[in-house]
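User: I'm new to this structure and would like to learn how to read its features. Could you walk me through them?

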Amino acid sequence: MQAPSSPPSDVTADEPGPLLVDRDHAACLTLAFQAEAPVALPLWTLLAEVDAVWLGRGGAPAHAARVESGGERHLRIEVPDRFLSASHASLQRIFGRWLLEDAGSRNGTYVDGGRVERFELQDGAVFEIGHSFFVFRASAPLDLEPVLGQEEWPGSLQPAYAAQLRALERAAATSLPIVVRGETGTGKEVLARRVHAKSGRSGSFQAINCAALPATLIESELFGYRKGAFSGATEDR
């Protein structure tokens, strides 16, 4: 497989690069999937005020920590992936551009399926180190809370949708009625189960397909009935 074509790596001060964003946004990095731990929570962090990111093998769970080194601000991300080298790769911020560089690792660094030694990341790039997959985004709002692996997962890597999910969870604990709308297969029942779990209400979640019920039975199916209320009502429900 051929390595993906990369823009020139030589960056000068008069070439600020296409990845500069406004002061309310910054680049972000997501550890989206660990093949060695497929059900592990993602790790997501902003790269604001970070000069370099160091990626390597560490203990479980995956974690990120900010450190100072030689007057620079670094982010160290360690992943419990046995196919990673202790110091596998790095991201360097150079005049607004983020360059991914392999650190002489044994198993290599791959961008969009092609092996690279040094590569200028573009928005949406997916890179693989060991058996772990990262997603780079050039711009994310600074007011978003990072997800550092040990915390409860907000449910989406899309910032706008994650914010909607957090608002939904806040509403779940109130007495407000909640209507979830969407086409077939979009996960309405999954969200409804989440709302029920976050509501603190007793009793198990009950999923009822109202479209499959005759109009005359919807009321009794949703709200119950007394024994003898109609023909066939042989018990309280």
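User: Which residue forms a salt bridge with R82?

Analyst: A salt bridge is a side-chain nitrogen of Lys or Arg within 4 Å of a carboxyl oxygen of Asp or Glu. Here R82 pairs with E36, and their closest N and O atoms are 3.0 Å apart. The two sit in distant parts of the chain, 46 residues apart: R82 in the loop between β5 (72–79) and β6 (89–94), E36 in the loop between β1 (25–34) and β2 (43–46). Helices (H or I, at least four residues) and strands (E, at least two) are DSSP runs, numbered from the N terminus. One caution: this is a predicted model, so local features need pLDDT of at least 70, side-chain atom pairs count only at pLDDT 80 or more, and totals for chains, interfaces and linings use all residues. Residues are numbered from 1 along each chain as its sequence is written, and side-chain values use heavy atoms, with hydrogens and water left out.

User: Is R82 buried or exposed?

Analyst: Buried means under 20% relative accessible area, exposed over 50%, and partly exposed in between (1.4 Å probe, protein chains only). R82 is exposed because its relative accessible area is 63%, while E36, at 35%, is partly exposed.

User: And how do I read R97 and E120?

Analyst: They form a salt bridge too, with the closest N and O atoms 3.8 Å apart. R97 is in strand β7 (residues 97–102) and E120 in strand β10 (residues 118–120), 23 residues apart. R97 has a relative accessible area of 13%, so it is buried; E120, at 2%, is buried as well.

User: What separates R193 and E189 in helix α2?

Analyst: About one helical turn, because they are 4 residues apart in that helix. Their side chains meet in a salt bridge at 3.0 Å, N to O. By the rule above, the count comes to 11 salt bridges.

User: How much space lies in the largest pocket?

Analyst: Rolling a probe the size of a water molecule over the atoms shows where empty space is left. A pocket is an open set of points on a 1 Å grid over the protein atoms alone, where a 1.4 Å probe fits, with protein on both sides within 12 Å along at least five of seven lines; lining residues have an atom within 4 Å of a point. In this model the largest pocket holds about 570 Å³. It has 21 lining residues, and those closest to its centre are I178, V180, K188, A192 and F205. Helix α2 gives the largest share of the lining, 6 residues.

Key
Grid points are joined across faces, edges and corners, and a volume is the space filled by probe spheres set on the points.
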